[in-house]
2 protein chains.
Amino acid sequence: MNSAANREIHLAARPQGWPTEDTFRLATTDVPTPGPGQIVVRNTFMSVDPYMRGRMNDVASYVPPFALDAPLDGGAVGEVVASEADGFAVGDTVLHGLGWREYALLDASTVRTVDPALAPVSTYLGVLGMTGLTAYAGLLEVAAMQPGDTVFVSGAAGAVGSMVGQIAKLRGAGRVVGSAGSPAKVERLRALGFDAAFDYHDGPVLDSLRSAAPDGIDVYFDNVGGEHLEAAIGAMRQNGRAAICGMIAQYNAAEPPAAPRNLAMIISKRLTLRGFIVSDYGQLGEQFVQEVGGWLRDGKLSYDETIIDGIENAPAAFLGLLRGENLGKMLVRV
Amino acid sequence: MNSAANREIHLAARPQGWPTEDTFRLATTDVPTPGPGQIVVRNTFMSVDPYMRGRMNDVASYVPPFALDAPLDGGAVGEVVASEADGFAVGDTVLHGLGWREYALLDASTVRTVDPALAPVSTYLGVLGMTGLTAYAGLLEVAAMQPGDTVFVSGAAGAVGSMVGQIAKLRGAGRVVGSAGSPAKVERLRALGFDAAFDYHDGPVLDSLRSAAPDGIDVYFDNVGGEHLEAAIGAMRQNGRAAICGMIAQYNAAEPPAAPRNLAMIISKRLTLRGFIVSDYGQLGEQFVQEVGGWLRDGKLSYDETIIDGIENAPAAFLGLLRGENLGKMLVRV
């Protein structure tokens, strides 16, 4: 097997502003051989996520930056093709953190076996994985959504946003509003059960939000930042809470936006804005799998996937994600 | 007594930007006579507070706007001079909400008797009153300060800020940093036990803050907003918390400042920004009086007062407060 080729995607340059195809380089190496306690996994799906943009900068953050001229990494699922580790057999399906390559060499301690009979393996990267937990933890723990609340989520047709809206409804939100970037996405949100949805290109976000939630909002789940956050603050009722998950609108901006300009409302309305990272909410994992897995089984929760084929197209998948070309979870089938 | 004159301050015009002497009008009326269940109080001290600037705008907020051509109101203490209410006798000292006038007509249910033997009556407007509770609730409840935390407070030589810093030290903060607007105020902060203090005119706030707290801050108590809030976000450690109490830097701004421009850090650092209004924390009142009263009695807590004499000078006192001319609590001796 060592003579086979392993293709992987390296970081070729740190982007200034928007990344391009030149940010990446396709490299070919040998398929690795496991040492004691290690396994080799042939990846079948890998995830591309907005947070990866931050790791392309040479800035210390909650995850270390990607190294130049080395493979990127991120969530992936695949099949064990060689094992020198107890508890892992060839043919097992596993979830791990070394995507962006065809074959991954892994210490067994960093890998989790998943059951492909319970759910499609791709869902362990999406609705049943980090994406779903992000929505679940952010909405229910960080923003502490209560039954009856009016909830607004931006980037609502994305992997996290579409879960937020559906979980809000399933947990008894009074009204759920989503924003997205195209008429087709808005249509999809209505089909998913959002009470109202709008295309943020159609006018000032605050105007659209006020029309969609005339009595104001209690909870805002922020995937976008910038004008969306300012509009949410403007529309919030007393004691409103925002879970700040992402600010994709400004990840590629050379200068951050001068917003929110209405932050003084945080006092008069007693608002709470709280940023969070899903990895801090691992203790919710069991409850999450039980509750969300149950909804999935019962057909109460839908999810979309946008799948791009071929490791060589992973950069294009990531760039498409930043431009909002995905509906639901953006995945690369390796 | 009805033939005596009662002088009071009316709102003559709603200010655009900074208020001026023309914002106010001194008016003379008759001293009122109490009806059943009412008392008349001759005010001895009245409070001027930054939040009153917001009430001069015709905007619904957590307190209604001041009416035009009618007396302003706000915290005051005084002596009962006439009573038609059970439980109130002429000569009692009371705390109430009708300042900005020499004589106040009050329903007894809106008045609280205080003991002038326990503490100087002015302190019921300051360290033992709303001002002290604002500091106490904001620091300990809203920002959830823990022993060992590094705490930064802006407007630290003001009535609230100077309490925040001292309460932080008394409750076991690891390091307490304050900013203020003059060398004399910075000197005073050091005397009050702040570990570090700086004059925000001396350079970018973030630079001064980084020098004063090289390892970052855990808690920020915001009285100022704008550049101070941006600097605090920049200096915050993981899981930092900001209690947003006031934004005096921008109360008179025609356009809000384009800050904080670094709000995306709220995600990577898992920050919480929370606005609050002291009136939501009345349930802490008993604990507050016990703990802060005890510190005062034991000489562990100092407070400053800047006292202006004469109801006719209340507008000047308020304008001076907005310009930062006070050390500690700004009061008018009526």
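In this predicted model, the side chain of B:Ser47 makes a polar contact, at 2.8 Å, with the side chain of B:Lys329. B:Ser47 belongs to strand S3 of chain B, which covers residues 38–47, and it has a relative accessible area of 3%, so it counts as buried. Apart from its neighbours within four places in sequence, B:Ser47 is in contact with several residues, including B:Met52, B:Gly75, B:Trp100 and B:Leu125.

**Contact between chain A and chain B**

- The contact draws 29 residues from chain A and 28 residues from chain B, and the area buried between the two chains is about 2,300 Å², with carbon and sulfur atoms giving 61% of that area.
- Of the area that chain A buries against chain B, 26% is supplied by A:Leu263, A:Ile267 and A:Arg270, which is more than any other three residues supply.
- Two salt bridges are counted between chain A and chain B, and A:Arg270 forms a salt bridge with B:Asp280 in which the closest N and O atoms are 2.6 Å apart.
- Seven residue pairs, both at pLDDT 80 or more, are in polar contact between chain A and chain B.
- On the side of chain A that touches chain B, helix H7 (265–268) and strand S13 (272–275) are the elements that give two or more residues, and S13(A) gives the most, with four residues.
- By class, that side of chain A has 18 nonpolar, seven polar and four charged residues.
- S13(A) is joined by three bridges to strand S13 of chain B, residues 272–275, and the two strands run antiparallel; A:Leu273 has B:Leu273 as its bridge partner in S13(B).

**Salt bridges within the chains**

- Over all chains, the structure holds 30 salt bridges.
- A:Arg171 forms a salt bridge with A:Glu291, with the closest N and O atoms 2.8 Å apart, and this pair links distant parts of the chain, 120 residues apart, with A:Glu291 in helix H8 (residues 285–297) of chain A.
- A:Arg171 is partly exposed, at a relative accessible area of 30%, and A:Glu291 is also partly exposed, at 22%.
- The side chains of B:Arg188 and B:Asp304 meet in a salt bridge at 2.8 Å, N to O; B:Arg188 lies in helix H4 of chain B and B:Asp304 in the loop between helix H8 and strand S14, so the pair ties together parts that are 116 residues apart in sequence.
- B:Arg188 is partly exposed, with a relative accessible area of 23%, whereas B:Asp304 counts as buried at 14% relative accessibility.
- A network of salt bridges links A:Arg7, A:Glu102 and A:Glu312.

Definitions and conventions. Residues are numbered from 1 along each chain as its sequence is written. Chains are lettered from A and ligands numbered from 1 in the order in which they are written. This is a predicted model: local features need pLDDT of at least 70, side-chain atom pairs count only at pLDDT 80 or more; totals for chains, interfaces and linings use all residues. Side-chain values use heavy atoms; hydrogens and water are left out. Contact means heavy atoms within 4.5 Å. Buried area is the accessible area (1.4 Å probe) that two parts lose on being put together, summed over both. A salt bridge is a side-chain nitrogen of Lys or Arg within 4 Å of a carboxyl oxygen of Asp or Glu. A polar contact is a pair of N or O atoms within 3.5 Å; within protein, one must be able to donate a hydrogen and the other to accept it, and residues adjacent in sequence count only if both atoms are side-chain atoms. Ala, Val, Leu, Ile, Met, Phe, Trp, Tyr, Cys and Pro count as nonpolar, Asp, Glu, Lys and Arg as charged, and the others, Gly among them, as polar. Two strands pair if DSSP finds at least two bridges between them. Buried means under 20% relative accessible area, exposed over 50%, partly exposed in between (1.4 Å probe, protein chains only).
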